[in-house]
Amino acid sequence: MWTENNNKLYRKFEFADFKEAFVFMTSVAELAEGMNHHPLWTNSYNKVEIWLSTHDAGDVVTEKDRELAEKIDKLL
Ligand SMILES: C[C@H](O)[C@H](O)[C@H]1CNC2=NC(N)=NC(=O)C2=N1
């Protein structure tokens, strides 16, 4: 579930292992490139944390962030 805090959408994802996490990250990267809208994220072994905001709009949450979050959810 995404939460909205400090002008960012945030969600933490957990996978079976690093390989699964990285497959997910590769798909997110392709989505991000397609939208020209990129995540701030961290990866530690099987965990991926993502923060979404729109820098061009002054680092706030916009429709683009909500759209990317929705597309990311559909990868799961
Ligand atoms: C120049 C380029 O179009 C912009 O920097 C794009 C790239 N990716 C981006 N990603 C995010 N998250 N926010 C932006 O405002 C943004 N802008």
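## The ligand and its polar contacts

Start at N36: one of its polar side-chain atoms sits 2.8 Å from an oxygen atom of the ligand, a polar contact in the sense of two N or O atoms within 3.5 Å. A backbone N or O atom of S53 is 2.8 Å from a nitrogen atom of the ligand, and one of H55 is 3.0 Å from a ligand oxygen atom. On its own the ligand exposes 390 Å², and the protein buries 67% of that (Shrake-Rupley areas, 1.4 Å probe).

Around the ligand you'll find N36, H37, H38, S53, T54, H55 and D56, each with a heavy atom within 4 Å of it. Six of this shell are polar, one is charged and none is nonpolar.

## About the model

This is a predicted model, where local features need pLDDT of at least 70, side-chain atom pairs need 80 or more, and totals for chains, interfaces and linings use all residues. Numbering runs from 1 along each chain, and side-chain values use heavy atoms, leaving out hydrogens and water.

## Two helices together

Helix α1 (residues 18-35) packs against helix α2 (residues 63-75) at about 145°, with axes 10 Å apart; the crossing is right-handed. Here angles run from 0 to 180 degrees between N-to-C directions, with axes fitted to C-alpha atoms over the stretch in contact, and helices are DSSP H or I runs of at least four residues.

From α1, residues including F24, L31 and M35 meet a set in α2 that includes L68, I72 and L75, contact meaning heavy atoms within 4.5 Å. By class, this contact has eight nonpolar, one polar and three charged residues.

Conventions
A polar contact is a pair of N or O atoms within 3.5 Å; within protein, one must be able to donate a hydrogen and the other to accept it, and residues adjacent in sequence count only if both atoms are side-chain atoms. Ala, Val, Leu, Ile, Met, Phe, Trp, Tyr, Cys and Pro count as nonpolar, Asp, Glu, Lys and Arg as charged, and the others, Gly among them, as polar. A crossing is left-handed if the near helix is turned anticlockwise from the far one by less than a right angle, and right-handed if clockwise.
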